[in-house]
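Thanks for coming. I have one structure to go through today, and I will keep it short.

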Amino acid sequence: MESGLSEIGSTKMFDGYNKRYRHNSETLGCSMTFSIYFPPSSHRSPVLYWLSGLTCTDENFIIKSGAQRAASSHGIALVVPDTSPRGLNIEGEADSYDFGVVGAGFYLNATQEKWKNWRMYDYVVKELPKLLSENFSQLDTTRASISGHSMGGHGALTIYLKNLDKYKSVSAFAPIANPINCPWGQKAFTNYLGDNKAAWEEYDATCLISKFNNLSATILIDQGENDQFYPDQLLPNKFEEACKKVNAPLLVRLQPGYDHSYYFIATFIEDHISHHAQALAL
């Protein structure tokens with residue numbers, strides 16, 4: 001399948017450019033969009049991948065987070081993929097907000113036949129970086145870090161832990177940190193992965209940290225204390241306990257009064273960009 005890469009939007013911001021692209025994804029079998037913020041730079045820019053949460057597209061972070069100010073200052077490119085395949089017209093794909101086509105790909109490779117195109121893990125880890133390296137000479141994809149929010153925080157943590165050779169650092173806002181033990185994760189994993197609980201653990205950061213803990217950079221997590229999903233869905237305390245058992249470097253910051261929204265993300269995003277800039281040796 002030819003990528004058919006095309007630019008579909010461009011806006012200037014902090015002397016760099018937000019650009020949006022569409023291409024044909026061989027991994028997912030459909031047309032996909034992604035956004036890039038290119039900072040003003042005379043050198044090749046390292047990449048920070050941002051993975052968004054349930055119901056989001058590639059546009060939410062670009063429009064709402066204000067991350068471009070810090071990215072421009074540090075010379076980091078922001079790469080934001082969509083959150084699920086689109087347009088495949090699978091029965092039941094749009095029945096609920098927390099599963100299927102409405103931004104609920106969960107950054108895994110589905111094993112159940114009905115959902116075989118839901119391979120967001122391979123898309124983020126393999127196809128998208130290859131597409132970037134082949135088409136954007138201004139990006140240095142060999143220097144990359146990863147971050148995300150909620151479902152995207154889950155994606156960032158699990159992808160980082162399973163690919164420590166590909167990413168210099170990870171951070172997350174209110175991640176779904178132990179999905180095998182929360183309703184969102186159990187619903188998604190049952191449908192995408194079936195009943196094999198061992199397969200579920202391969203996409204659970206709390207389980208993975210016991211296997212992949214030779215980390216060169218501290219994991220940064222911000223969690224709002226007024227987040228309505230904090231007690232039952234996100235479970236950062238479980239991840240923190242697992243990190244302590246293996247002495248994995250982790251900084252969890254509980255932020256009083258903050259909720260699950262992009263107001264929360266916009267407040268602390270500069271800290272996260274700085275965290276990654278340090279790991280990327282900028």
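How many residues lie between strand 1 and strand 2 in their hairpin? The model is a predicted one, and in it the answer is two. Phenylalanine 14 sits in that turn, with a positive phi of about 50 degrees. Strand 1 covers residues 6-13 and strand 2 covers residues 16-25; they run antiparallel and are joined by seven bridges.

Serine 25 stands opposite cysteine 30 in strand 3.

Now the annotated residues. The UniProt entry, which is unreviewed, places the feature "active site" at Ser150, Asp227 and His260. They span 111 residues in sequence, but no two of their C-alpha atoms are more than 10.8 Å apart, so the three gather at one spot.

Serine 150 is in the loop between strand 6 (139-149) and helix 4 (151-162). Is serine 150 buried or exposed? Its relative accessibility is 3%, and the cut-off for buried is under 20%, so serine 150 counts as buried. Setting aside neighbours within four places in sequence, its contacts include Gly53, Phe173, Trp184, Leu234 and His260.

Aspartate 227 is in another loop, the one between strand 8 (219-224) and helix 8 (230-234). Aspartate 227 is buried too, with a relative accessible area of 3%. Not counting residues up to four places away in sequence, aspartate 227 touches Ala174, Leu234, Tyr258, Asp259 and His260. There is also a polar contact from its side chain to the side chain of glutamine 223, at 3.2 Å.

Glutamine 223 takes us to strand 8. In a regular strand, side chains alternate between the two faces of the sheet. In strand 8, both faces are covered: Ile219, Ile221 and Gln223 are buried on one side, and Leu220, Asp222 and Gly224 on the other. Six of the six residues are buried, so strand 8 is largely enclosed by the rest of the structure.

What does strand 8 pair with? Strand 7, residues 170-173, pairs with strand 8 in the parallel sense over three bridges, and serine 171 has leucine 220 as its bridge partner. Strand 9, residues 250-255, is also parallel to strand 8, over six bridges. There, glycine 224 is partnered with glutamine 255.

Notes: Residues are numbered from 1 along each chain as its sequence is written. This is a predicted model: local features need pLDDT of at least 70, side-chain atom pairs count only at pLDDT 80 or more; totals for chains, interfaces and linings use all residues. Side-chain values use heavy atoms; hydrogens and water are left out. Two strands pair if DSSP finds at least two bridges between them. Helices (H or I, at least four residues) and strands (E, at least two) are DSSP runs, numbered from the N terminus. UniProt positions are given in the numbering used here, feature names are shortened, and annotations may be inferred rather than shown by experiment. Buried means under 20% relative accessible area, exposed over 50%, partly exposed in between (1.4 Å probe, protein chains only). Contact means heavy atoms within 4.5 Å. A polar contact is a pair of N or O atoms within 3.5 Å; within protein, one must be able to donate a hydrogen and the other to accept it, and residues adjacent in sequence count only if both atoms are side-chain atoms.
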